[in-house]
Amino acid sequence: MAIKIIYLLGLGHSGTTLLGRLLGAHSQVIATGGTKNIPLFVKGRKTCACGATAPTECQLWSAVEERLKTRDLSLSDLQFGYDNQNNLNHDALKRYFESVLEASGAQAIVDTSRRRSYFAELEKVPGVELIPVHLFKDPRAQFSSAKRKNGNLFASVWSYNLRGRRVRGMQPAGRPVLHLSYESLCRDPMGQIARIMEAAGLPFEPDQVTHYGASELHIIGGNRQRHDTSSAIRLDESWRRRLTPMEQKLAIWLGGRSYRKNLTLSES
Ligand SMILES: [Zn+2]
């Protein structure tokens, strides 16, 4: 049986935690956060959304560890971080993904590693079927997140345009990339999630949108959104007050072209 992975591409603060939760709330899907975060969890530098600070404290991750053992592996062996991205062990990844599916009883995994280069590595894992989903935001919202974190506006523009161009240029061997804006996800979560589930070959469950906050969660990494237990989906438009009118214009001037290109792909 193929190892199905819904892989979320995009920048940090583009809504991937929310999208990962909506997909992971499906009865046959398990959201793990980014596969690249697993070593950080094992080393105690990231926590599970359930509150566990080590795999032994978590129901899911201790079950994954048991399944890994039957495949002569342990979570502590897995060097899946960005820092080792060029030397990933594809066979270990395969055994890891199989263990996650077995431990959770799910048919698909959501991976929010986000980088295109990491995606290219997962394409080399035998037996994997990737469903790439590109999530992007209005550049004003993206730059507003950078400003909130005291980031450099120009560096943020640079990443925004570069990531957009790289992802638009992708030609995966398997399924084509499904492009989706954060704004349309918030305006029409039912329609957009149904679209992704169809691409993943699984029946859409309305509950995954209406009650996603109540779903058990074991993602590693992710932002503060992962601790929100409500199932409300609100479009965050705080950029309207956080950015000055001049910064808003600058964001559109510098990132608007990339945004429109992404939008065109998301509508086709
Ligand atoms: Zn957990």
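1. Which residues of strand S5 (residues 178-181) lie on one side and which on the other, and are they buried or exposed? Leu-178 and Leu-180 sit on one side, His-179 and Ser-181 on the other, and all are buried, leaving both faces of S5 covered. Buried here stands for 20 or more other C-beta atoms within 10 Å of the residue's own, exposed for 12 or fewer, and partly exposed for anything in between, with C-beta atoms placed from the backbone. In a regular strand the side chains alternate between the two faces of the sheet.

2. Some housekeeping before going on. This is a predicted model, in which local features need pLDDT of at least 70 and side-chain atom pairs count only at pLDDT 80 or more, while totals for chains, interfaces and linings use all residues. Residue numbers start from 1 along each chain as its sequence is written. Helices (H or I, at least four residues) and strands (E, at least two) are DSSP runs, numbered from the N terminus.

3. Now the sheet. Five strands make an open sheet in the order S2-S3-S1-S4-S5, with parallel pairing. Strand S2 (29-33) and S5 are the edge strands, each pairing on one side only. From one strand to the next the twist averages 25°. Two strands pair if DSSP finds at least two bridges between them.

4. Two of the pairings in detail. Strand S4 (residues 128-136) pairs with S5 in the parallel sense over four bridges, and Leu-135 stands opposite Leu-180 in S5. Strand S1 (residues 3-9) and strand S3 (residues 108-114) also run parallel, joined by five bridges. Ile-6 has Val-110 in S3 as its bridge partner.

5. On to the helices lying across the sheet. Helix H1 (residues 16-24) lies across S1, S2, S3 and S4 and runs at about 155° to S2. Helix H4 (residues 90-104) lies across S1, S2, S3 and S4 too, running at about 105° to S1. For these angles, axes are lines fitted to C-alpha atoms (for helices, over the stretch in contact), and values run from 0 to 180 degrees between N-to-C directions. Nine of the nine residues of H1 are buried, so the helix is largely enclosed by the rest of the structure. Among them are Thr-16, Leu-19, Arg-21 and Gly-24.

6. Helix H3 (residues 59-69) against H4 is worth a look. Their axes come within 8 Å and cross at roughly 125°, which means H3 is oblique to H4. On the scale used, under 35 degrees is roughly parallel, over 145 roughly antiparallel, 65 to 115 roughly perpendicular and the rest oblique. The crossing of H3 with H4 is right-handed; that label applies if the near helix is turned clockwise from the far one by less than a right angle, and left-handed if anticlockwise. From H3, Leu-60, Ala-63, Val-64, Arg-67 and Leu-68 meet residues of H4 including Tyr-96, Val-100 and Ala-103. Contact is taken as C-beta atoms, placed from the backbone, within 7 Å. By class, the H3 contact with H4 has seven nonpolar, two polar and three charged residues. Ala, Val, Leu, Ile, Met, Phe, Trp, Tyr, Cys and Pro count as nonpolar, Asp, Glu, Lys and Arg as charged, and the others, Gly among them, as polar.

7. Then the other helix pair. Helix H7 (residues 153-168) and helix H12 (residues 245-267) pack at about 25° with axes 9 Å apart, so H7 is roughly parallel to H12. Their crossing is left-handed. Residues in H7 including Val-157, Tyr-160 and Gly-164 meet residues in H12 including Leu-254, Ser-258 and Leu-265. This contact divides into four nonpolar, five polar and three charged residues.

8. Helix H6 (residues 139-148) has eight of its ten residues buried, so H6 is largely enclosed by the rest of the structure. Pro-139, Arg-140 and Phe-143 are among the buried ones. The cover over the buried residues of H6 includes H7, helix H11 (239-242) and H12.

9. Finally, two backbone spots to check. Most residues other than glycine have a negative phi. Arg-114, not a glycine, has a positive phi of about 80°; Arg-114 is in strand S3 and counts as buried because it has 22 C-beta neighbours inside 10 Å. Asn-150 also has a positive phi, near 60°. Asn-150 is in the loop between H6 and H7 and, with 6 C-beta neighbours inside 10 Å, counts as exposed.

Methods
Two residues are in contact if their C-beta atoms, placed from the backbone, lie within 7 Å.
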